[in-house]
Amino acid sequence: AEAISQIDNEKLMIHIPSSNEIVVLLAGLSPIAGYAVILGVLTLCGFGLPLPEDVTLLFAGLIASTNKISLPGALIAGFCGVFIGDTILFSLGRRYGKKLFSIKPFSIAFPPHRIEAAEIKIIRNQHFICFVGRFVPGLRACIFALVGSMGVKPKVFLIQDGLAALISVPVWVLVGYYTGENWDLAVKRAHEAQWILLGLVSSLILGYALHLFLRHKKE
């Protein structure tokens, strides 16, 4: 049983390339190919590509550090790719509505009773949820599809998600850029940055919850 479990875990693990593999790959990229890879992969993440977008943004920073592409270009390509991918998920939610939650992994995260209980709260706190959702790794896809299916206005989602992406995208790209071609160091710094972001987001959520509690108590 332990052997089978180990095999299953290995199948689920995403291969993180070594420093040598990264350097070899970067050496063969043209500037156009570099922008295309960043934009294409991040857009495909919106279609369910099983690759963490943070890794792609780190990769964008590393490409920029080799002067294959410019740093502003990496930031713009990263932002556009993330924004397009998020918009695709939101649009799928609007297009298919609550039918989307009969499909895994959405059906696991959001059973019917949770959807019904969440709908009113989501509409009431839509600005906050659309903004914070960008900073929640592993759940952001479900969150974006959920707010789309719950009737959140596209204008609200696009503004809040865009503002959040203007914060998150530069973090990962700059980590990759300033660590140069040292991929192992980039991954280490990325983990540190992720914990800092999660801490800030957690504080933001707690602060917002306290605000709602005090407002409700006052009312």
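Salt-bridge network

Reply: There are four salt bridges in total, counting a side-chain nitrogen of Lys or Arg within 4 Å of a carboxyl oxygen of Asp or Glu. This is a predicted model, in which local features need pLDDT of at least 70 and side-chain atom pairs pLDDT 80 or more, while totals for chains, interfaces and linings use all residues. Residues are numbered from 1 along each chain as its sequence is written, and side-chain values use heavy atoms, without hydrogens and water.

Glu53, Asp86, Arg134, Arg140 and Asp161 are joined in a network of salt bridges. Within it, arginine 140 pairs with glutamate 53 at 3.4 Å, N to O. The two residues are 87 apart in the chain, arginine 140 in helix α9 (residues 140–149) and glutamate 53 in helix α4; helices are DSSP runs of H or I, at least four residues, numbered from the N terminus. Both arginine 140 and glutamate 53 are buried (under 20% relative accessible area, 1.4 Å probe, protein chains only).

Aspartate 86 meets arginine 134 with the closest N and O atoms 2.9 Å apart. Aspartate 86 belongs to helix α5 (residues 71–96) and arginine 134 to the loop between α8 (126–132) and α9, so this pair ties together parts 48 residues apart in sequence. Aspartate 86 is buried at 2% relative accessible area, and arginine 134 is buried at 2%.

Arginine 134 also forms a salt bridge with aspartate 161, at 3.5 Å between the closest N and O atoms. Because aspartate 161 lies in helix α10 and arginine 134 in the α8–α9 loop, the pair ties together parts 27 residues apart in sequence. Aspartate 161 is buried, with a relative accessible area of 0%.

Technical notes
Buried < 20%, exposed > 50% of the residue type's maximum accessible area, 1.4 Å probe, protein only.
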